[in-house]
Each structure stands twice: as C-alpha cells, then as structure tokens.
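Reader: I have a new model open and would like to learn how to read its features one at a time. Could you walk me through it?

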Amino acid sequence: MDQHLIFLLLGLANGAVYAALALSLVVTYRTSGVVNFGTAAMALLGAYMYAFLREGEVLLPLPFLPKTVELPVYLGFWPAALIAVAVCAAVGLLLYVGLFRLLRAAPPVGKAVASIGVMVVLTGLFTERVGTTAVPVDPILPTSTWTWGDVRITSDRVWFAVVIVVISVLLAAAYRFTMFGLVTRAAAETEKGAYVSGISPDRIAGANWMISASVAGAAGILIAPIVPLTPIGYTLFIVPALAAAILGQFSSLVPAVVGGLAIGMLQSETTYLAGQHTWLPTSGMNELIPLLLILLVLVVRARPLPSRGVIIRQNLGRAPRPRSLLGPGVVATIMGVVAMFALDGPWRAALITSLIMAIICLSSVVVTGYAGQISLAQLTLAGVAGFLLGPLTTDWDIPFPIAPLLAALAATAVGVVVGLPALRIRGLPVAVVTLALGVVIEALWFHNPDYVSVSGNDIAGPELFGLDLHSRVGGEFPRVQFGLLVLVLVVIVAVGVAKLRTSRLGSAMLAVRANERSAAGAGVDVVQVKLVAFAIASFIAGLGGTLLGYFQSNVTFQSFTTLVGLALFGTAYVAGITSVSGGLVGGVLAAGGLVAVLTEEAFDLGEWFAIVTGVGLVITIVKNPEGVVGPIHAALARRRESKLDEVSPRPARSDVRLRSEEPAPGGEVVLSVSDVRVTYGGVVAVDGADLEVRRGTIVGLIGPNGAGKTTLLDAIGGFTPSTGTVRLAGRDLTGLAPHRRVRAGLGRTFQQMQLYDDLTVNENVGVGAVASGDRAALDLDATLALLGLADVAERPVGELAQGRRQLVSIARALIGDPEVLLLDEPAGGLDTRESQWLGQQLRSIRDSGVTIVLIDHDMHLVLNLCDSISVLDFGRVIASGPPSAIKTDPAVAAAYLGATHAAETVAP
Amino acid sequence: MHRTRQSALVVLVALTVLGAACTSKDDDVSSGSDGPATTIDPEILGSPDEADGEPITIGVVTDGRTDAIDNTQVATGAQAAVDYANDYLGGINGHVVEIETCETGQTPSGATTCAVEMIDKDVDAVLVGVLGQDAAVFNGLAGSGIPYFIYATAAQDILLKPGAFALSNPIAGFGAGVRLATENDVDRVAMAVIDVPAASGPVAQIATPLFEDAGITLDLVNVSPQVADMTPQIQEALSQGAEQFELIGTEQFIASGLKALRQAQFDGNVVSIVSDISEEIAATVPGGFEGVLAYSATTSDPDDPDVQLQNAVMAEYASDEDNASLAAIGYITVMAFIAALTGATDAVDAASITAALSAMPEPIPLPMGGGITFQCGTPPAPFLPNVCVTNILQTALGEDGQPTDFEFIDVSEFMQFG
C-alpha cells in the first residue's frame, strides 16, 4: 500500500479529535453566535464524569463539596456515558441561561472572551478536584489491529473517526429535516423573525446549547482512551478545531468534520514527509497545517462568517475621545514615579510587570480597540522582538536604544504579515487566523532549539549615555532606574496611542472598525489603514517584548505562549480594549502584575486563584461589556452632555458659500457612465446603463423597486464589480478601488448612512476629509454650518435624530470637496417638512458648485429638486430628461405601473 | 488564566529527560492512608544530634500548584529532610538549617520575584528539585553570589554558568542508550521526543553527536505536545529501520508511544526515560510495560538503606500521604547538599558555601543513589562544568510500569565525545 495513503490513514484519530470539537464549536456558534473557547473544557467535563462513573464514583466538580460520592456499582459504558453526557447538557443549559443569554447582544468578541472565562473556571475546578495526574480510561471502541503490509493500524482509531462522522451526519440530518431543526435555522437567520412567528429564541438557543454541550461531552468520552485525561489535556486542540470549524464556515457540520479529519490526516502526512526530507523543520510543521488550511479557505473564499441577525447589534465598546491628556497624564506619571520609589522587591517587580503588560495591552487597543481587527497574536509579536533582542545585543553588540527599536521594527514586519489575511476577511476569523499564526511562530521559532537555547536567549543592557539602566545590578533588583525607563516608555506609548485616537488616522481606523464599506465610501484606504494599524500595534507590542526581555535579562518561550497571549487579550478586553485607560488598567490586572501579587499576598488563594480570576472575567463581561473603565467613561460623557445641552442650537445658515467660483448650471458633462453592466451570479442587475451628468446640476435617478438604482451607484463608485466605463471630469475611473474614486472627486452616501456612532459629528465628517486626496479639503466648520450641524459638532452621532444623521453623512461626503456627490436616499426616514428643508440644503450645495446625483423615493422631492431625471427599469435607463418631460413619459408610467403599487407616485 | 501551561511540560520533562523521576513509592514501601502496611523502624533514624550553631538559611523554590502541575511536594520533602538533619545530623556542621520557601506560580515574573525574595531574605543557598522556571530563578539570582543547588535540569544556563550545581547528569541517559545499542550490536536507534525545548534541545544538541560518535545512526522524531495520537510519528520513525527505540517525554507520552510501538509489533529494545510509570497509566498499554528498560538517577529499591531512611524520615516529619516521588526529590536535594558540606566547617554563607561546593575533595555517595556518587567541581565532561554526577542506574520495568531492580551503569566512557 502506498506510504502516503497509509500515513493519511494513520492521522484519522487526530483528525477525529479535531472534528469532534469542531462539531461542537459549530453547533454553538450557529445557534448563539459564540465562538466557544470553552468547548475543550466541556469535552473534559464529559470525559471526567465518564471516567469516574466507570470506577463507581460521581465526581462533584464544585467547591466545598466532597470530591466524589461512591456508588454501589461500577457503571457500564452506556449508563456512564449517558449520565456524563446528560451532565454536560445540564451544564450547557446552565451556561446559556446564566451567562450567554445575558450576553446575547454583546459583541462576538465579548462572548468569545466570556467563553475563555468559562474555560478557565472549568479547568481550575478540575485541577482543584482531580489534580494534575492523568486519569486512565479503558478503550471504548474495539482495538483489534489491522495490517497492511508492514504498517498496522488499530481499529479504534478508525472506528472513532467513523463514529464522529456518523454523529455529524445524524446531527446535520436532524437540523435539516426536523421541525426543531427548521426552527433553529430560522432563529439563526433572524431573531426578530423568530419572535414574529411566535417562537421563543430563548428556548431554541437553550436547547441548542444543551446539544452542543452534549456533543462536546460525547467527544470528550471518545477522546479519553486516546488522549491522557488531564485538566489541560484538551485545551491545545482548540486551534486545529477552530480551523476545522472555519472550514465549515462555522455553519455546516459535515464540512467542519471533514475539515477536522483532513487536518489530522495532513498532519500525519507531514510527519512522513518531514522524515523523508530533512530540510523540513523538525518542529512546527503540525501547527502549520491548520493555519495553511484556514488561509486557503478564508482568503480564497473571502466571505465573512455568516453573522446572525440579532435584534440589538452592538459593536465593540465605545472608543471615547480623550479630552485632555495633560492633566491625567501628569497625575498618572507622578503616581507611577512615586510608586516606583515607594515599592520595592516583589512589589516593584509587580509594578514593572504591570507597566510592561500595559504596553502590550495598548497595542491591542490600537489594533483591536481602534481598528477593530481582533489580533490574538500581540503577545507573540512581543515575543518576536524579545527573541531578537538577545542576538542583537549579545552577538552583534548593538547599543540600547537602537537594538530594541530594530527588534520592534522586526516585530512590525511580522505583524504586517500577521495582518495580511485581515485584508480579505473580517471579524472573528481574523482572531482565529492570528491565533493560528501565533501558534506557528511559537512552534517554529520560540520552541525550536535550532534557534533558541534551552535556557532561552540572554539579553545584554540596557545602557544609555553611560547611564546603567539594567534591571539588575548585583543583588539589587529590580532597580528604580530600569523601572523609570519602563515608565517613560509607557508614558510615551500611552500619549502616542491617545494622540492617535484624535488624529485623522485614528478617525480612519474607527471608521474601518465601524464599517469598512462606508469607510471606503468616505475615501479611507481600508487596506492601508488596516495594515498601518497592525504595524503600529506590532511596533508597540515589540517594544513591550523588548522591555520584558531587558527586565528578565533572558527570554524563553514561556513568557510568550499562545495561551498566555489569549489570557492577556482577555484581560485587556475586560479592562477596556477601546481606550488608553483600559490598556493601562489591563496591565495592572495582567499576570504577575499588581493585582495578581496583591490578591496572592492578601488572600493566599492558591489553586483557587485561577477559578476566581475566571469568575471575575465572566462577571465583568456581563456587567460591563465595555470593560472595567467603561462606566467611568460613560459617567464622564454624561457630565459633558449635560453641559452641552445648555448651549442653544444655532440655526442653519444657508447663505454660507463653500466655493468662490460661480455655479455653472448645465455646464459640460462632468460624470459620464457608459454601458455599465453588473451581474450577480446569473442575474443581471444593471444592464448596460448610460448616464451623463452635467456640471452644477442635480440629477435624480428613479425607478421601481429592484430597478438597479443603488447597484448603479455602487458600480459608479466601484463598490461592486462591473463592466463598462465611468469617467469623471474627463478622467477614466474604470477599475479603480472605491477609495481612489472617492479621492478623484466622487463623493458618496449610503442608504443606511453607515455613520460611526462612537465618533462625534466633527470626527465623522473629518473622516471624509481624507477623500480630498491631493486637493484641499473644505473647511470643517463651514461645511457643518452649511448643513446646520454646527451646534452638534461635538456630539456623538449616535445621539442625533434621523434627519440630522442624514445631514452628517452628506457633510462627510461633502467635505472631501467632491466634483460629484452620489446620494442614496438622502430623504429616507425624513418627514415632509424635513425633506423640504433637505431640498433647500441640497440646492445650496449645488449652487456652491457640487454636482449631485441622487436616488430617492420621495417623488415630490425629486421632481421639484432635480434639474434632470433618469429613469431606470430592469437595469436599463429607459428615459432621461427634465422633470416635466419625465412626468409625461409613457415609458416611465408603464415601468411604474408594471411595478406593484407606485402608479400614483409618477403622476401626482 | 494567569498561568503558563506549557511550563508544566518543562517540569515534567526535566523530571523525565534526565531519568530523574525515579523514586517510586509503591504500596510495599510506604504505608497507604488505609492502614499501617509497613512498620518503620525508628532505629533507622539513628541517634539524635541536635544542631545549635548559627543558622544557615536555605531557600527552596517550587512552581506551586496550578492546573498543569503540582510540585509543592518537593518543598515538603525538603522540609522533612531539614527537620531530620537539625534533630539527628547536627544540621550542617552544627549549624541549624533554616528554610525559606517561594512559589513561582509557573510564570517568569513569578520566578524573578522568587529570586528577588531569596536575595531579600539573604539566604545562603537556593535549593531546587525540579522547576519549570529553573533557569529564570537562576538568572534572577545572577550577581547575588547565592549558590544554586538543583536536583535536575536541562537548562544550559544552569549547566554552564558559574554558581550552579546539578545532581543529575543530563546526558547520562543518552550515554546509557548508546551503551545498550553497542552491547546489542544495534546500529540504528530511533527516538521520539516531546517537542518542548527542555527535551528537544538536549536531544538535538547532545544525543545525536553522542550516538554518531559511537557509529550509531539516530532517527529523531519530535512530537508536539498538541498531538492527540502519536501513531504517525512512531510509524515514521520506525519506517527508517531502527532496532532500538527510546521514548523521551512524560509518562503519558511514553505510554502513548509504547502503545504505538506494540501495535507496530516492534521487537527491539524499548527505552523509557521515566522509570516509574503509574500503574493506572501502565494498564492502558496492552501488555503493560513488561521488558521496557528505563534509566534513573536514584533508586527506589525498598531494600536500599537510603530508601528505608527516607521512608522513616517522611513518616516522622511529614504525613504518609506526602511521601510521593516529588517529595523524595526534595529530600534528596537537601540531604545531598548537607552531605556535600559535611566537614567543610568554614562554609557558613553564600560565598563560602559556593567555594566548598566548587571544590568537593572526593566523590561521596549520592543519597538514594543506589551506588552513584557525586562530586561537585569535578564534572563528568568539560562541557558540563556544573554537573556533579556522571553515572546512572538502569532498570527493567514490570508489566505494571514499576522498576524491578536497579543496575549501576558506568557511562563515563561515553562522556568524552566530540
């Protein structure tokens, strides 16, 4: 038999382990939007329960109870397995009712972090109850040996894979063909829909949590005879399992299971290849497989995870704009200096650790809090710099400020690579990819004795201008001098990150975080902003890593493991990942930091420490989805708001002129669209549309529902692939990316406005200023004044009424000084009076020299406002001309009559 | 969540790679909690000789108890040894021995903090059994002049930098493997190694040249701790035609590897780096551990007088339940430290103790060493300056994974390669 085939078969057992966990991950995600990092811990619960029942004992994994209760009999396989699975189901239900139901409206990251908390608590409980020694479990499936030539395979491996596949097929069939499955799928599509049709989404979700917990428990039981049963035994399988779940798009069971099997089998094949080809690395190849598969699937398919339609949708916490840096900055710095001198020994070490971790948390604030890219690899990136610092300082003798900067720059380069997949994918898949990348870097490099000594890399320094800044001199450790160096860097990084938030780049990051499409619509180069965010964050993390290296004067992989990184991300999230203060608090809460040492000294928690931490994590997420610092920011914001309300709103000034040159109505053709065609699959949405727009006019685009109006605007703006040509002021825009078209002078608003609710009006509009490209942006105040927004300039957009929000989105498009403004339903959601007023504003915009193309259903507005109207039907322009001509055009009437209920709208 | 899980593996591997986890405590030698199975003769403790001189303070560092490993018993064993020495051995040359303990929590910052604490408390020596953060604690002590006396380590810093003394030869197990292969005319050996630096590092750097020097080809396969089923790796290593197979990892790792070897009906010598497999784990391997060879740095033979003394000390100064193999490691470390200084009457503080340890005049028996001797300052090879021991014991495991007998193996001739 072919060796390759044999080794693929040998990988079945590993694959089945991943497949089983992936199965549970998918069921959970599909029904409640939780990427459950606690899945492996749930499998462990099933396995422990089962193992003890077989020995005639009931394990009580709860504090203050006896560890086990003796049963009169040893249970057989079926009773033990069924009871264990039932316990898992009960715990699953409990988790839903007690935790994840409360988090239904929380952002997906929040739910994921809560599941990390669950994992920590369960693992801690098992440690406390059972200890770290492995509990042996007898084989469950038949273990005869099958022989092919000189290779032998034990049958239980193959049976295990078969059982998992059967379970997945049965589950998939149940979801497909039963009423319950139908209801589940319906609720997964839209919770609102479920409410409307009278089904309680709560019940469905609860039931599904029981199912996913049972699947995990059953998987755990089946894994137990193969993998030694220890409290952390299964945790490490989460990465390949996540990869398998992604292969199933977190929604299909069978592909996820097949993916899991494939990962295991390919790993086995890689083992064979590594033995045949000595140039392959001896370490890390196994970790590479899940990563490569995820990248292949995500990047090639480039579809986001199906997000669930929940009634309330929240983003990450608000990213409050720092008001004054000087006051709090000086106070915090003085506190830091005083503490550095006041504390000594272990306490000063804890303070320094906190400060260093704060820097790494701040890197998460930039990449995740600001730019919305969930990177679980920040600690790994810190490690990259930390591991490079050794050779840089000892082999090459590069002096202090240069060596850490070089190391941080190298981390930046790696960070940009880590960020590359994020260009094609969004949301939690980014998290999974960064996690998998972290695992690979750790295995290929940090673990690898080819590059790193078993004792770790020694680091020399730091010294600056003859000043000895070593963390340790003789028995003096940690030295104040080093502590102050760290403090200075923390201050610089914190101020830098705060400044970033208020900068134009920061606004662009928040814009990307809020909505990539609308950010592109505002002229933001999404690709560039994401990469810059990853670069800045990696640089910061790298700095943190070098400081950690200097602090310990030696780095080993233990400081930078993926699991520690995951924990640090959880800490940063809980502290408040969207603000500088959150990043700093994250450092205080981090492992080895002030809080950890304080609790250890004060309460001597011992093995309970992990459990308490996990419970604290979960409670914080439920109480304060915006993190520990959230309520403080909210209180500050309320204070400011009450002050704002005292200011009386100023009336809109329509006499403001934005441009000096006189309008030239009916001038030359500024926007010309010819033969534009858009197809979705086999459906033709826009079918060779032509459009000519003259400078200084308002052109209306009307047509029945589904005529392709928005699609045409998208095609003009480059948001959807199309054929045909688009020319703006003589320049051919065909083939350009959306943000380039915006910068060329093509402003755009969206039907749903796509504003950034966290940002103030000023900031929202400011994001649009990048759209001016090489041209000068318009004056912000003048633009706001023109649209009557001056009085709310400092308010977050989320607080404004619908009409005002429309104007903000127009202002955002306008400030980039566009030649042509494309408005998609600017009067949507406005009442007649507001709509008329909007018309006036649009006219004054036109009079200021901006050409406007708009879509709207308000015929009154369109007919009265527009200089020219084009009518679209079935993706073609069927008529063009002045409003008077359009009103009487029979073709137009026919198009509208043909549509459902719009006849009267054409001939008012 | 604030724990380094993988560092636990380092502890386990430090225990095992070095053939250190040896001092099995089965029911014959230590009375279980369900009754006095054995009676310990108090005579064994000898005649009282209370210490009353100026105290010498030793620091004992463990990782504490976390969800990955619990090695606090090292401190329990050390404490029992200290109490016994103060009552019966006259402490260290008459000086009362005092003990300061610290737990790293398995984090590098915790390790650094422990080092700081040891410096703050002005201990005269730091004693460590096995520690996940052993290098971090050692490096944390750098410059303090405090000697670092460790039972077993694979960390290069500890093995090479001045100020450390190691009671296990990290490559003796490899040397014994070479010797075994040579004796059986085996010219191809395979080795499955758990892929953490503490194991894969020494194997790659030392085992390969050691075997090659003896004209033996070594096929290495690193197995990630994330691998659920290691059959593919074992099959891969076997496919090259090895006639002797060594398993380097934790006892679970070894059991999994042995299972795969049994499936493949491998009939050569199998060497386990762990010499006491728990019976439950051994039972998961069809056919058990019968015939598997193992190396150990110390003995657990119930007839050995040192083992009997240790049992008596633990019975007197700790509870029966505390008498686990990790406790024995703590006990051995303290007893060896005391033995090394006995007679060196001017060794009273960090500097003088370092000096005395660096120049032990002659080899003395290692407590529970089953015939192995140690002499710090006289290393087995120039590239192992801090190692105090050369040789190792070999044992054949029974079906239940427990050692049957211990045989002294002289590996000194294999220490001079390269």
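Reader: Which residues have the most contacts inside the largest nonpolar core?

Author: Happy to start there. This is a predicted model, so local features need pLDDT of at least 70 and side-chain atom pairs count only at pLDDT 80 or more, while totals for chains, interfaces and linings use all residues. Residues are numbered from 1 along each chain as its sequence is written, with chains lettered from A and ligands numbered from 1 in the order in which they are written. A nonpolar core is a set of buried Ala, Val, Leu, Ile, Met, Phe, Trp, Tyr and Cys residues joined through C-beta atoms within 7 Å. Buried means 20 or more other C-beta atoms within 10 Å of a residue's own, exposed means 12 or fewer, and partly exposed is in between, with C-beta atoms placed from the backbone. In soluble globular proteins, nonpolar side chains tend to be buried together. Here the largest core has 461 residues, and those with the most contacts inside it are Leu21(A), Ala22(A), Tyr48(A), Ile223(A), Leu362(A), Val366(A) and Ala436(A). Helix α14 (residues 345-370) of chain A gives the largest share of this core, 16 residues.

Reader: Which residues is Tyr48(A) in contact with, leaving aside its neighbours within four places in sequence?

Author: A contact needs two C-beta atoms, placed from the backbone, within 7 Å. By that rule Tyr48(A) touches Leu59(A), Phe126(A), Val130(A), Val135(A) and Leu229(A), leaving aside neighbours within four places in sequence.

Reader: How many helices and strands are there in chain B?

Author: Helices (H or I, at least four residues) and strands (E, at least two) are DSSP runs, numbered from the N terminus. Chain B has 13 helices and 14 strands, and chain A comes to 36 helices and 18 strands.

Reader: How do the axes of α18 and α21 of chain A cross?

Author: Axes are lines fitted to C-alpha atoms, for helices over the stretch in contact, and angles run from 0 to 180 degrees between N-to-C directions. Helix α18 (residues 480-502) and helix α21 (residues 526-552) of chain A come within 12 Å and cross at roughly 175 degrees. From α18(A), Val486(A), Leu489(A) and Val493(A) meet Ile540(A), Leu543(A) and Leu547(A) of α21(A).

Reader: What is the strand order in the open sheet of four strands in chain A?

Author: Two strands pair if DSSP finds at least two bridges between them. The order is β10-β9-β12-β13 (chain A), with antiparallel pairing. β10 (683-694) and β13 (731-732) of chain A each have a single partner strand, so one side of each is left without a neighbour in the sheet. Inside, β9 (residues 669-680) and β12 (residues 723-728) of chain A share five bridges, and Val673(A) has Val726(A) as its bridge partner.

Reader: Is Thr113(B) buried or exposed?

Author: Thr113(B) is buried, with 30 other C-beta atoms within 10 Å. This residue lies in helix α3 (residues 108-120) of chain B. Leaving aside neighbours within four places in sequence, Thr113(B) is in contact with Pro346(A) and Ala349(A).

Reader: How many residues does each chain bring to the contact?

Author: Chain A gives 73 residues and chain B gives 66 residues.
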